[in-house]
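Open the structure in your viewer and keep the selection panel at hand.

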Amino acid sequence: MEGNVFTRAVEGVKLIRSEEGIILTKPFLDLCRLLLPLIDKFGSQMSCIKADVACNVTKLELKYASNPSKYSNLCTMTKEEVDSKIARSSSSCTHALVWLNRAMDFMVQFFRNLLEHPEWSMTQACTDSYKRTLKKWHGWMAISTFKVLIKLAPDRKKFMCSIGGSVEINAEIEKLCRTFASVLEENHKILASFGVDDIKAP
């Protein structure tokens, strides 16, 4: 796939579902990894966040690689851990998936905010996204840390330039937010059906 990260991501979303509509593990993780460099654009203070998200992607990739046929879809991976009663463990793949999905929720909401509220600063866009996606799952320490990191967000204009901001890019961002959001919502429904979508930070 050629083009900027958003163009490639839009194409990547098309590969996530099987012909039967099942969310496939590898295409989903490939897309999440493709979006990881966007976190760098927030500034070096977000390196710990990027590392945490990358760790969750890697954990799921390793599980998938151990048996690609068996773990071709995320539902199978989660069901196995739920049946084994290890899904809620902080070292489980289910735990990694829950937090990865939430991190992607945050990014989708953040970019939606940038498109829908051109008058907002980066801090405003980040704060609103955080409140809508991650905050209710964090303890007070994580909330306090995130508040500090958000205040260090770069200037909006500088950020938009760093991602190649233009009318064409905005159209791709809108398309990605719309299509990827439906995938993330489906993941939430799957996790909820197994009773694990409410995992909180330790």
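Begin with the lining of the largest pocket: it has 17 nonpolar, five polar and two charged residues. (Ala, Val, Leu, Ile, Met, Phe, Trp, Tyr, Cys and Pro count as nonpolar, Asp, Glu, Lys and Arg as charged, and the others, Gly among them, as polar.) This is a predicted model, where local features need pLDDT of at least 70 and side-chain atom pairs count only at pLDDT 80 or more, while totals for chains, interfaces and linings use all residues. Residues are numbered from 1 along each chain as its sequence is written, and side-chain values use heavy atoms, with hydrogens and water left out.

The largest pocket holds about 600 Å³ of space. Of its 24 lining residues, select the closest to the centre: Ile 49, Asp 52, Trp 99, His 138 and Phe 146. On a 1 Å grid over the protein atoms alone, a pocket is an open set of points with protein on both sides within 12 Å along at least five of seven lines; a cavity is a set where a 1.4 Å probe fits but cannot get out; lining residues have an atom within 4 Å of a point. Points are joined across faces, edges and corners, and a volume is the space filled by probe spheres set on them.

Now colour α4 (47-66), α6 (93-116) and α8 (140-151): each supplies at least two residues of this pocket's lining. Helices are DSSP runs (H or I, at least four residues), numbered from the N terminus.

Next, the cavities. The whole structure has two of 30 Å³ or more. The largest cavity has a volume of about 70 Å³. Select some of its lining, including Phe 6, Leu 35, Met 104, Phe 111 and Phe 180. That lining has eleven nonpolar residues, no polar and no charged. Helices α6 and α10 (167-193) each supply at least two of its residues.

Move to the second largest cavity, at about 30 Å³. Phe 42, Gln 45, Cys 126 and Phe 146 are among its lining residues. Helix α8 gives the most, with three residues. By class, this lining has eight nonpolar, one polar and no charged residues.

Last stop: select His 188, in helix α10. Is His 188 buried or exposed? His 188 counts as buried, because its relative accessibility is 14% (buried is under 20% relative accessible area, exposed over 50%, partly exposed in between, with a 1.4 Å probe and protein chains only). Show its contacts (heavy atoms within 4.5 Å). Leaving aside neighbours within four places in sequence, His 188 touches Asn 101, Arg 102, Asp 105 and Asp 197.
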